[in-house]
Amino acid sequence: MAKNFLSQLTGSFAMPAAENPTVAMVEAAYKHHGLDWRYINCEVLPKDLGDAVKGARAMGWAGFNCSLPHKVAVIEHLDGLGASAEVIGAVNCAVRRDGKFIGENTDGKGFLQSLLEVIDPNGKKAVIFGAGGAARACAVEMALAGLTHLTVVNRNPERGKVLVDLINSKTPAIAELVVWNHNVTVPTDTAIVVNATSIGLYPDIDARLNLDMASIMPPMVVADIIPNPPRTLFIRDSEARGCRVIDGLGMLVNQGVIGIKYWTGVDVDARVMRQTVEDIFKS
Ligand code: NDP
């Protein structure tokens, strides 16, 4: 039988790229499922992004992830956008479909998937801390999944207002802004509380949200998108209050699972990927 030495290619464009563990997680899944696919982690300067996308096209890549600072800038180099990426206005995953690179946002979809494993946002109210790129992706996906009401809590009022306006204008949910200049109390009818800020990210692992933890109580579900460390102070404090919690590894792993499905068509085992990143963050 003729041998095939031509692997299918995928990868990532980011700056910096060295500390991004996605390559280890994705290649662990490829290996586990016997897929002859590769994921190449590339450091790409903003000025070279267009050339990088052209290169991926020329080399027949099946797709690629885009991380900071390219998530918005990449859009002009693509051939179209998926529905939620269009609303979010940012792409972290490009997928080759019929020879065209289509931009998707798997950050938000990955978050929604990990949320759905615990609670369905349909018909519920949520409070989200943060209004940056990740908050935007999580908020839009929850709103498109039927959330009725979203309170955005953000320090910078302009950034908070942009997200509130986006939810109110582009999704069926109703959003309001709380400017985060005080110790915030979460309303008792809240079903889902999300930390989508960078508070708690390594090395600032002792940082706390300016939030009255006495207002966090069951049956609220608390999600933190910080992947490193997975058991943030906010997760531990919320667990101590008796709440069900979702850590940031869920979002990281699920965005990988969704990206691989887009590229290869294969549903990979999330546990293999989770184990890989858990081992990485432990060491
Ligand atoms: P951005 O820089 O776009 O946004 C950061 C947000 O955090 C802003 O809302 C900012 O508020 C807020 N913030 C930061 N520090 C503070 C503080 N001390 N007090 C109050 N608010 C603060 O970052 P991203 O949205 O891209 O990423 C946010 C986090 O999400 C990162 O830590 C990243 O690791 C994580 N992430 C996790 C993913 C996963 O798969 N688990 C995927 C993507 C991101 P303000 O507007 O007032 O400055």
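Begin by colouring the protein chain by domain: domain 1 covers 8-105 + 250-282 and domain 2 covers 108-246, with bounds that come from an automatic or database domain assignment. This is a predicted model, in which local features need pLDDT of at least 70 and side-chain atom pairs count only at pLDDT 80 or more, while totals for chains, interfaces and linings use all residues. Residues are numbered from 1 along each chain as its sequence is written, and side-chain values use heavy atoms, with hydrogens and water left out.

Next, select the boundary between the domains, whose C-alpha centres lie 25 Å apart. Here 13 residues of domain 1 are in contact with 18 residues of domain 2 (contact means heavy atoms within 4.5 Å). Together the two domains bury about 1,300 Å², 69% of it on carbon and sulfur atoms (the accessible area, taken with a 1.4 Å probe, that two parts lose on being put together, summed over both). Show Val 87, Ile 88 and Met 251, which supply 44% of the area that domain 1 buries against domain 2, more than any other three residues.

The largest cavity has a volume of about 80 Å³, the space filled by probe spheres set on the points, which are joined across faces, edges and corners. Select its lining (residues with an atom within 4 Å of a point), which includes Ile 199, Arg 208, Met 213 and Asp 224.

Definitions and conventions
1 Å grid on protein atoms, 1.4 Å probe; cavity = no way out; pocket = protein on both sides within 12 Å on 5 of 7 lines; lining within 4 Å.
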